[in-house]
Amino acid sequence: MAPIPGSGLAKGLAVTLRTMTKKTVTEQYPEAQPELPPRTRGVIGLFEENCTVCMLCARECPDWCIYIDSHKETVPPAAPGGRERSRNVLDRFAIDFSLCMYCGICIEVCPFDALFWSPEFEYAETDIRELTHERDKLREWMWTVPSPPALDPAAEDPKELTAARKAADKLAAAQAPPAAAPTESGEEPTA
């Protein structure tokens, strides 16, 4: 059956008329805080302890709004006879939110879970130069990050958790005293 000419226009006008008859509701924002979805993309929080200064976030950022400075430190050997190692130490981590387009690429590429979305959205400034937030401010926002949703109870355990359990079971089996062998008569030896 062929569509009736003008039926699309009639459907569009019907939607418009329905919307025009509904009462509008204005949110009184500063006085009443809005109800935000639980995983809102507000601002980026930094969990500094997990940052290894790998620079992946800064390299992958399409806006080049992440600024990272670091230096190398020598760490003494963990065991006697070992060799010294060097590690990066974070000096500066800043994000210029006047340039950021909130794409989330930096959060996705971080292999060490150092960056997270925070639902905070009230960080406006009167001067655009003050929208570059340093690591102290980013760390403050980290504590507003909601916990991740619970895993599906029917889902299988992550492979990392399964591997860790197997390793722990092997270690426990290796440290457990061997069971006493039964005697020839088939009876267990008594202590």
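In which strand is Asp96 found? Asp96 belongs to strand 3 of this predicted model.

Asp96 is buried, yet the residue has no salt bridge. The nearest side chain of opposite charge is that of Arg92, 8.3 Å away. A salt bridge requires a side-chain nitrogen of Lys or Arg within 4 Å of a carboxyl oxygen of Asp or Glu. Ser98 is situated in the loop between strand 3 and helix 3, and its relative accessibility of 32% classes the residue as partly exposed. Between the C-alpha atoms of Ser98 and Ala124 there is a separation of 9.9 Å, although these residues are 26 residues apart along the chain.

**Aromatic pairs**

Rings of Phe, Tyr and Trp pair if their centres lie within 6.5 Å. By this rule the count comes to six aromatic pairs. Two of the pairs are set out below.

| Pair | Centre to centre | Angle between planes | Class |
|---|---|---|---|
| Tyr29 and Phe121 | 6.0 Å | 45° | tilted |
| Phe97 and Tyr123 | 5.4 Å | 55° | tilted |

What does the pair of Tyr29 and Phe121 tie together? Tyr29 lies in the loop between helix 1 (7-21) and strand 1 (43-46), while Phe121 lies in the loop between strand 4 (115-118) and strand 5 (132-133), so the pair links parts that are 92 residues apart in sequence. Tyr29 is partly exposed, with a relative accessible area of 33%. Phe121 is likewise partly exposed, with a relative accessible area of 35%.

The pair of Phe97 and Tyr123 joins two loops. Phe97 lies in the loop between strand 3 (85-96) and helix 3 (105-109), and Tyr123 in the loop between strand 4 and strand 5, so this pair ties together parts that are 26 residues apart in sequence. Are Phe97 and Tyr123 buried or exposed? Both Phe97 and Tyr123 are buried. These two residues also belong to one aromatic cluster, which is formed by Phe97, Tyr102, Tyr123 and Trp141.

**A nonpolar surface patch**

Which residues make the nonpolar surface patch of about 250 Å²? The patch is made by Tyr29, Leu36 and Phe121.

Terms used
Residues numbered from 1 in each chain as written. Predicted model: local features only at pLDDT ≥ 70, side-chain atom pairs only at ≥ 80, totals over all residues. Heavy atoms only, no water. Phe/Tyr/Trp six-rings, centres within 6.5 Å; stacked < 30°, edge-to-face > 60°. Helix = DSSP H or I, 4+ residues; strand = E, 2+ residues; numbered from the N terminus. Buried < 20%, exposed > 50% of the residue type's maximum accessible area, 1.4 Å probe, protein only. Patch = residues over 30% accessible without salt bridge, like charges linked within 9 Å, V, L, I, M, F, W, Y side chains within 5 Å. Areas by Shrake-Rupley, 256 points an atom, 1.4 Å probe, with all protein chains shown as cover. Lys, Arg positive; Asp, Glu negative; His and termini not counted.
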